[in-house]
Amino acid sequence: MTGKRSISLLNVVMILSMLVTTLNARKIDAITCPDALLSLLPCLPYLQGTGPATPTSACCAGANNLNQKADTTQSRRDVCNCLKPAASRFRVNLDRSKQLPRLCNINLSVSFDPSIDCNT
């Protein structure tokens, strides 16, 4: 089982690396899109539904760090526009993405939902 997990994690890292290189590292105030994706990398097994039923402490730390860095309206819009396509590419489970902020004790004024309009 450990071998399968290692291969699965390696595949996720390779896919994320490919995604990051295609996103042109555009600047999102104090954080780039690749940085935002890397912050949430520990959350991927939880968000895909392949990991534990609750996010890990590393996941919550990354999500909290991202939330703190996205501290302006524009940076939150930019992070949203960065994460939306990634959510569909990585087949994020909608219910789990909505639960993540609550489970990680992150107060958001909007739902953590891949279908949200980032410009509103």
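In which helix is Arg 96 found? Arg 96 belongs to helix H6, which spans residues 94–103; helices here are DSSP runs of H or I with at least four residues, numbered from the N terminus. The structure is a predicted model, in which local features need pLDDT of at least 70 and side-chain atom pairs count only at pLDDT 80 or more, while totals for chains, interfaces and linings use all residues. Residues are numbered from 1 along each chain as its sequence is written, and side-chain values use heavy atoms, with hydrogens and water left out.

Arg 96 is buried, a term denoting under 20% relative accessible area, whereas exposed denotes over 50% and partly exposed the range in between (1.4 Å probe, protein chains only). The side chain of Arg 96 does reach the backbone oxygen of Tyr 46, at 2.8 Å.

When neighbours within four places in sequence are set aside, the contacts of Arg 96 (heavy atoms within 4.5 Å) include Tyr 46, Gly 49 and Ala 53. Ala 53 is located in the loop between helix H3 (44–48) and helix H4 (57–69). The C-alpha atoms of Ala 53 and Arg 96 are separated by 8.7 Å, although the two residues are 43 residues apart along the chain.

Notes
Helix = DSSP H or I, 4+ residues; strand = E, 2+ residues; numbered from the N terminus. Lys, Arg positive; Asp, Glu negative; His and termini not counted. Salt bridge = Lys/Arg side-chain N within 4 Å of Asp/Glu carboxyl O. Polar contact = N/O pair within 3.5 Å; in protein donor to acceptor, adjacent residues only side chain to side chain.
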